[in-house]
Amino acid sequence: MYEDFLPERLAKLRTQKGISARDMFLSLGQANNYINNIENKKALPSMQAFFYICEYLDVTPQEFFDEGNAHPEALQAFIAEAKKLDSQSLEYILGIMKKLHFVLYPTIFRICPVSILVIIQEKFRNLLYGLKLGKWISS
(Lines give C-alpha, C1' and ligand atoms only; values in the text may rest on other atoms or scores of the structure.)
Protein backbone atom coordinates (compact mmCIF):
# COMPACT_ATOMS: atom_id res chain seq x y z
CA MET A 1 0.00 0.00 0.00
CA TYR A 2 2.61 2.58 1.09
CA GLU A 3 4.95 1.37 -1.65
CA ASP A 4 2.58 3.16 -4.06
CA PHE A 5 1.42 5.91 -1.73
CA LEU A 6 4.82 7.29 -0.79
CA PRO A 7 6.07 7.88 -4.36
CA GLU A 8 2.76 9.38 -5.46
CA ARG A 9 2.51 11.64 -2.42
CA LEU A 10 6.12 12.78 -2.80
CA ALA A 11 5.53 13.69 -6.45
CA LYS A 12 2.30 15.51 -5.59
CA LEU A 13 3.77 17.56 -2.73
CA ARG A 14 6.92 18.34 -4.71
CA THR A 15 5.01 19.56 -7.77
CA GLN A 16 2.56 21.57 -5.60
CA LYS A 17 5.55 23.51 -4.30
CA GLY A 18 6.88 23.95 -7.84
CA ILE A 19 10.10 22.10 -7.05
CA SER A 20 11.87 20.04 -9.69
CA ALA A 21 13.27 16.63 -8.81
CA ARG A 22 16.70 18.03 -9.69
CA ASP A 23 16.41 20.94 -7.25
CA MET A 24 15.22 18.59 -4.56
CA PHE A 25 18.03 16.03 -4.90
CA LEU A 26 20.61 18.83 -5.02
CA SER A 27 19.19 20.41 -1.86
CA LEU A 28 19.10 17.06 -0.09
CA GLY A 29 22.64 16.21 -1.19
CA GLN A 30 21.57 12.99 -2.89
CA ALA A 31 22.45 11.32 -6.20
CA ASN A 32 20.95 12.92 -9.31
CA ASN A 33 18.38 10.16 -9.83
CA TYR A 34 17.44 9.74 -6.16
CA ILE A 35 14.04 11.51 -6.20
CA ASN A 36 13.15 10.06 -9.62
CA ASN A 37 13.92 6.55 -8.35
CA ILE A 38 11.57 7.06 -5.40
CA GLU A 39 8.80 8.58 -7.54
CA ASN A 40 9.17 5.80 -10.14
CA LYS A 41 8.85 3.16 -7.40
CA LYS A 42 12.37 1.86 -7.88
CA ALA A 43 13.48 2.72 -4.35
CA LEU A 44 12.19 3.85 -0.99
CA PRO A 45 14.00 6.44 1.15
CA SER A 46 15.65 5.48 4.41
CA MET A 47 13.93 6.75 7.54
CA GLN A 48 16.54 9.50 7.90
CA ALA A 49 16.16 10.52 4.24
CA PHE A 50 12.36 10.52 4.65
CA PHE A 51 12.66 12.99 7.54
CA TYR A 52 14.91 15.21 5.40
CA ILE A 53 12.35 15.04 2.59
CA CYS A 54 9.56 16.07 4.98
CA GLU A 55 11.65 18.93 6.32
CA TYR A 56 12.47 20.08 2.79
CA LEU A 57 8.78 19.98 1.80
CA ASP A 58 7.86 21.76 5.07
CA VAL A 59 5.48 19.01 6.21
CA THR A 60 5.49 16.74 9.22
CA PRO A 61 5.64 12.97 8.68
CA GLN A 62 2.03 12.83 9.88
CA GLU A 63 0.99 15.40 7.26
CA PHE A 64 2.91 13.52 4.60
CA PHE A 65 0.89 10.35 5.23
CA ASP A 66 -2.45 12.14 5.71
CA GLU A 67 -4.23 11.36 2.43
CA GLY A 68 -7.09 13.67 3.34
CA ASN A 69 -4.76 16.66 3.58
CA ALA A 70 -4.16 17.62 -0.05
CA HIS A 71 -2.48 20.94 0.84
CA PRO A 72 -0.57 20.54 4.13
CA GLU A 73 1.33 23.83 3.89
CA ALA A 74 -1.84 25.85 3.35
CA LEU A 75 -3.57 24.01 6.19
CA GLN A 76 -0.62 24.75 8.50
CA ALA A 77 -0.89 28.45 7.67
CA PHE A 78 -4.67 28.39 8.15
CA ILE A 79 -4.38 26.70 11.54
CA ALA A 80 -1.66 29.14 12.65
CA GLU A 81 -3.92 32.07 11.81
CA ALA A 82 -6.99 30.40 13.34
CA LYS A 83 -5.14 30.00 16.65
CA LYS A 84 -4.91 33.80 16.87
CA LEU A 85 -8.69 34.30 16.65
CA ASP A 86 -11.09 34.68 19.54
CA SER A 87 -13.72 31.98 19.92
CA GLN A 88 -16.50 33.98 18.25
CA SER A 89 -14.41 34.74 15.15
CA LEU A 90 -13.34 31.11 14.99
CA GLU A 91 -16.99 30.03 15.06
CA TYR A 92 -17.74 32.45 12.20
CA ILE A 93 -14.93 31.00 10.09
CA LEU A 94 -16.09 27.47 10.88
CA GLY A 95 -19.62 28.42 9.83
CA ILE A 96 -18.35 29.77 6.53
CA MET A 97 -16.35 26.61 5.91
CA LYS A 98 -19.35 24.40 6.61
CA LYS A 99 -21.56 26.53 4.40
CA LEU A 100 -19.02 26.48 1.58
CA HIS A 101 -18.71 22.72 1.84
CA PHE A 102 -22.50 22.29 1.80
CA VAL A 103 -23.00 24.69 -1.12
CA LEU A 104 -19.99 23.77 -3.23
CA TYR A 105 -19.51 20.06 -2.73
CA PRO A 106 -22.49 18.85 -4.80
CA THR A 107 -21.66 21.22 -7.65
CA ILE A 108 -17.88 21.30 -7.43
CA PHE A 109 -17.39 19.90 -10.91
CA ARG A 110 -19.70 22.47 -12.50
CA ILE A 111 -18.12 25.55 -10.91
CA CYS A 112 -14.94 26.95 -12.36
CA PRO A 113 -12.10 27.80 -9.92
CA VAL A 114 -12.58 31.55 -10.48
CA SER A 115 -16.23 31.25 -9.41
CA ILE A 116 -15.16 29.42 -6.25
CA LEU A 117 -12.70 32.19 -5.42
CA VAL A 118 -15.38 34.84 -5.94
CA ILE A 119 -17.75 32.96 -3.61
CA ILE A 120 -15.04 32.60 -0.94
CA GLN A 121 -14.07 36.26 -1.29
CA GLU A 122 -17.71 37.31 -0.86
CA LYS A 123 -18.12 35.11 2.22
CA PHE A 124 -15.03 36.57 3.86
CA ARG A 125 -16.09 40.09 2.98
CA ASN A 126 -19.41 39.40 4.74
CA LEU A 127 -17.52 37.89 7.67
CA LEU A 128 -15.30 40.93 8.07
CA TYR A 129 -18.28 43.28 7.72
CA GLY A 130 -20.17 41.26 10.32
CA LEU A 131 -17.22 41.33 12.73
CA LYS A 132 -16.93 45.08 12.27
CA LEU A 133 -20.59 45.51 13.20
CA GLY A 134 -20.30 42.99 16.01
CA LYS A 135 -22.80 40.62 14.47
CA TRP A 136 -22.92 37.84 11.93
CA ILE A 137 -24.36 38.61 8.52
CA SER A 138 -25.39 35.54 6.59
CA SER A 139 -25.87 35.52 2.86
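Helices are DSSP runs of at least four residues (H or I), numbered from the N terminus. The model shown is predicted.

**View 1. The place of Ile-79 in helix 6.** Ile-79 is located in helix 6. The residue is partly exposed, and its relative accessible area is 39%.

**View 2. A nonpolar patch on the surface.** The patch is formed by Leu-75, Phe-78, Ile-79, Leu-94 and Met-97, which together have about 400 Å² of accessible area. Two or more of its residues come from each of helix 6 (72-82) and helix 7 (87-104). With three residues, helix 6 gives the most to the patch.

**View 3. The aromatic pair of Phe-50 and Phe-64.** The structure holds five aromatic pairs. Phe-50 belongs to helix 4 (residues 47-57) and Phe-64 to helix 5 (residues 61-65), so the pair ties together parts that are 14 residues apart in sequence. Phe-50 is buried, at a relative accessible area of 6%; Phe-64 is likewise buried, at 1%.

**View 4. The aromatic pair of Phe-64 and Phe-65.** Phe-64 also forms an edge-to-face pair with Phe-65, for which the centres are 5.3 Å apart and the planes stand at 70 degrees. Phe-65 has a relative accessibility of 32% and therefore counts as partly exposed, whereas Phe-64 is buried.

**View 5. The cluster of aromatic rings.** Phe-5, Phe-50, Phe-51, Phe-64 and Phe-65 are linked into a cluster by ring pairs. Among these residues, Phe-50 lies in helix 4 and Phe-64 in helix 5.

How values were computed:
Residues numbered from 1 in each chain as written. Predicted model: local features only at pLDDT ≥ 70, side-chain atom pairs only at ≥ 80, totals over all residues. Heavy atoms only, no water. Phe/Tyr/Trp six-rings, centres within 6.5 Å; stacked < 30°, edge-to-face > 60°. Buried < 20%, exposed > 50% of the residue type's maximum accessible area, 1.4 Å probe, protein only. Patch = residues over 30% accessible without salt bridge, like charges linked within 9 Å, V, L, I, M, F, W, Y side chains within 5 Å. Areas by Shrake-Rupley, 256 points an atom, 1.4 Å probe, with all protein chains shown as cover. Salt bridge = Lys/Arg side-chain N within 4 Å of Asp/Glu carboxyl O.
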